[in-house]
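Thanks for coming. I will go through one structure, starting with a pocket and then moving to the strands.

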Amino acid sequence: MLFNQFHDILPGSSIPEVFVDANQLWQEAEQSGQALLQASLQAIASQIQLPEPPHPEAQPIVVFNPVNWSRSQVIAIPLPTDTTWQVHSSKGELIPSQNTNYDEQGQPVPTLLFWAEQIPGVGYSIFWLSPQATAQPATTVLPNDEWTLENAALQVTIDPQTGNLSHVWDKVQQREVLSGTGNQLQAFQDQGQYWDA
């Protein structure tokens, strides 16, 4: 990494051959760092006293938080088999989760998404991955009230069929913001050098 701090590498003013070497060194540094990180996390995880699992076939999931403050985040984990899985907290409470066929990079890998709530700073939380008792449909349309997001300033309603915004209510000004549908994805074709989308 220190060799790659050279003053012509950082601003991109080196000759192309320098970047061929630099890219290889960056990849080696990243691979070494990832190997050290995984070995360290596995060593810590192997010393954790696990609580009683909620299911005989449950597998522990340890979610680490490397920052100094507690945080909540969606966690994506590759699934061991095509079985439908669910997640429980360390206390055995069922946590909302979603089985999907794609990982975070969009690759076709069975993946489970779940919300990890308040992982302690520079710490970890334990969750349990267990097979789902009964098969559920892959996609479920939630009731309409589940598609409303609200804070002190706005109340936003999302159309569950299209993902478009159907209403945006400004609570401060007491008025509807949208005159039609919002959040529509559109694509435009570039036409000529001076007419970009």
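The lining of the second largest pocket is made up of 14 nonpolar, 5 polar and 2 charged residues. Here Ala, Val, Leu, Ile, Met, Phe, Trp, Tyr, Cys and Pro count as nonpolar, Asp, Glu, Lys and Arg as charged, and the others, Gly among them, as polar.

Before going on, the ground rules. This is a predicted model, in which local features need pLDDT of at least 70 and side-chain atom pairs count only at pLDDT 80 or more, while totals for chains, interfaces and linings use all residues. Residues are numbered from 1 along each chain as its sequence is written, and side-chain values use heavy atoms, with hydrogens and water left out.

A pocket is an open set of points on a 1 Å grid over the protein atoms alone, where a 1.4 Å probe fits, with protein on both sides within 12 Å along at least five of seven lines; lining residues have an atom within 4 Å of a point. The volume of this one is about 610 Å³, counted as the space filled by probe spheres set on the points, which are joined across faces, edges and corners.

Of its 21 lining residues, Leu41, Val62, Val63, Phe64 and Ile75 lie nearest the centre. Which strand gives the most to the lining? It is S2, with 7 residues. Helix H1 (16–45), S1 (59–65), S2 (71–78) and S6 (111–119) each supply at least two. Helices (H or I, at least four residues) and strands (E, at least two) are DSSP runs, numbered from the N terminus.

S1 also pairs with S7: the two run antiparallel, joined by 7 bridges. Two strands pair if DSSP finds at least two bridges between them. Pro60 has Trp128 in S7 as its bridge partner. S7 pairs with S3 (residues 85–89) as well, antiparallel, over 5 bridges, and there Gln86 stands opposite Ser130. In S7 (residues 123–131), 8 of the 9 residues are buried, meaning under 20% relative accessible area with a 1.4 Å probe, protein chains only.

Elsewhere, 4 strands form an open antiparallel sheet in the order S8-S9-S10-S11. Its edge strands, S8 (148–150) and S11 (175–176), each pair on one side only. Between S10 and S11 there are 2 bridges, and Trp169 is partnered with Glu176 in S11.

How many salt bridges does a search of the whole structure find? It finds 1, a salt bridge being a side-chain nitrogen of Lys or Arg within 4 Å of a carboxyl oxygen of Asp or Glu. The side chains are those of Glu150 and Lys171, at 2.7 Å, N to O. Glu150 lies in S8 and Lys171 in the loop between S10 and S11, so the pair ties together parts 21 residues apart in sequence.

Terms used. Buried means under 20% relative accessible area, exposed over 50%, partly exposed in between (1.4 Å probe, protein chains only).
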